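Subject: Handing over the structure, with notes

Hello,

Here is the structure I promised to pass on to you.

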Amino acid sequence: MKRLRLALVPLLGLAVLSLAAEPVAAQTSVTSELINGLNNKLMWVAVPITILVEAILLYTVLRFKDADEAKPTKENRRLEITWTVATAVILLFVGVASYGVLANDNVVFQNDKQEIAPQEDDVVVHAEAFQWGWRMSYPEENVSASGTTIVIPKNQDVYINVTSTDVIHAFHVPKLGLKQDAMPGQVSTIKTVALEEGTYQGYCAEFCGVAHSQMMFTVEVVSQEEYEQYIQEQKSSSQNVEPQQSATTLAAN
Ligand SMILES: [Cu+2]
């Protein structure tokens, strides 16, 4: 028994460390808040189960290592009912917690839901992938973004329409919790609300050919005023230089 307790100490220490090691960082977007929140909730289930299973395993090894011959186990109704009910409760918790996140529009946007179509103030970004680069534009403002940088305001619903002109690419901004396949001939929308101003790295996350690794882009989250200023600048300066822009993007890559 003493040895068992000794074996449990580093195990418990590890478990506590794994929980403490994850700092409660400020969330960058509603999407990442939901995803990380679910991850943390599931950790509260997974860590105790890991400890329980490892503890039983260690106990069994240490307790019976000198036993002469294995004896068949006897039926234990109470134990069987307990683990069946416990498993059901745990799976129910995991299912309900996951459904709450997966059914949220900020995580999985259902394109056929009419009632959550963009409102007047909402920002719509069109992200078109091609071999090998991105054409970013604001269809409602009728301007293209400068280069491969998307500027979006914080605390505002942002809809990103992702598509491709050739093969399958993927729009991925890890820090904002955004990921969506870019399918040729199909527009897939993702929605989010950015919460933290800053610059976020995005890239293509679907291997699409020789220059796949150069399909980078940037998402800049700014204040509402800065965003409006940016759109005005784009309107007055460029008067749509979309064809040249994609050519320079391609050359730069
Ligand atoms: Cu790609």
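First, how to read the notes. This is a predicted model, in which local features need pLDDT of at least 70 and side-chain atom pairs count only at pLDDT 80 or more, while totals for chains, interfaces and linings use all residues. Residues are numbered from 1 along each chain as its sequence is written, and side-chain values use heavy atoms, with hydrogens and water left out.

**Overall picture**

The protein has five helices and ten strands. Both are DSSP runs numbered from the N terminus: helices are H or I with at least four residues, strands are E with at least two. Of its 253 residues, 33% count as buried. Buried means under 20% relative accessible area, exposed means over 50%, and partly exposed lies in between, using a 1.4 Å probe and protein chains only. Among contacts (heavy atoms within 4.5 Å) between residues at least 6 apart in sequence, 72% join residues at least 24 apart.

As background, the ideal angle for four tetrahedral donors is 109.5 degrees.

One pair among them links distant parts of the chain: His169 belongs to strand β6 (residues 169–173), while Cys208 sits in the loop between β9 (198–204) and β10 (216–222), 39 residues apart.

Are these residues buried or exposed? His169 counts as buried because its relative accessibility is 0%. Cys208 is buried too, with a relative accessible area of 6%, and Cys204 is buried at 3%. As for disulfides, counted as pairs of cysteine sulfur atoms within 2.5 Å, the total is zero.

**How the strands pair**

Two strands pair if DSSP finds at least two bridges between them. An open sheet of five strands runs in the order β3-β2-β1-β5-β8, with mixed pairing. Its edge strands, β3 (143–144) and β8 (188–193), each pair on one side only. Strand β5 (residues 157–164) and β8 run antiparallel and are joined by six bridges; Asn161 has Thr189 in β8 as its bridge partner.

Strand β10 has two pairings to look at. With β4 (residues 149–153) the pairing is parallel, over five bridges, and Ile150 stands opposite Val219. With β9 the pairing is antiparallel, over six bridges, and Gly198 stands opposite Val221.

**A helix to look at**

Helix α3 (residues 77–102) has 26 residues and reaches 37 Å from first C-alpha to last, close to the 38 Å expected at 1.5 Å a residue. That expected span is 1.5 Å times one less than the number of residues. Ala97, Ser98 and Val101 are buried in α3, and the buried residues of this helix pack against α2 (30–64).

**Single residues worth a visit**

Asp181 is found in strand β7 (residues 178–182) and is partly exposed, with a relative accessible area of 33%.

The peptide bond from Gln131 to Trp132 is cis, with omega near 0 degrees; Trp132 lies in the loop between β1 (123–130) and β2 (133–138).

Two asparagines have a positive phi: Asn142, near 65 degrees, and Asn155, near 55 degrees. Asn142 is in the loop between β2 and β3 and counts as exposed at 59% relative accessibility. Asn155 is in the loop between β4 and β5.

Enjoy exploring, and write back with any questions.

Best wishes
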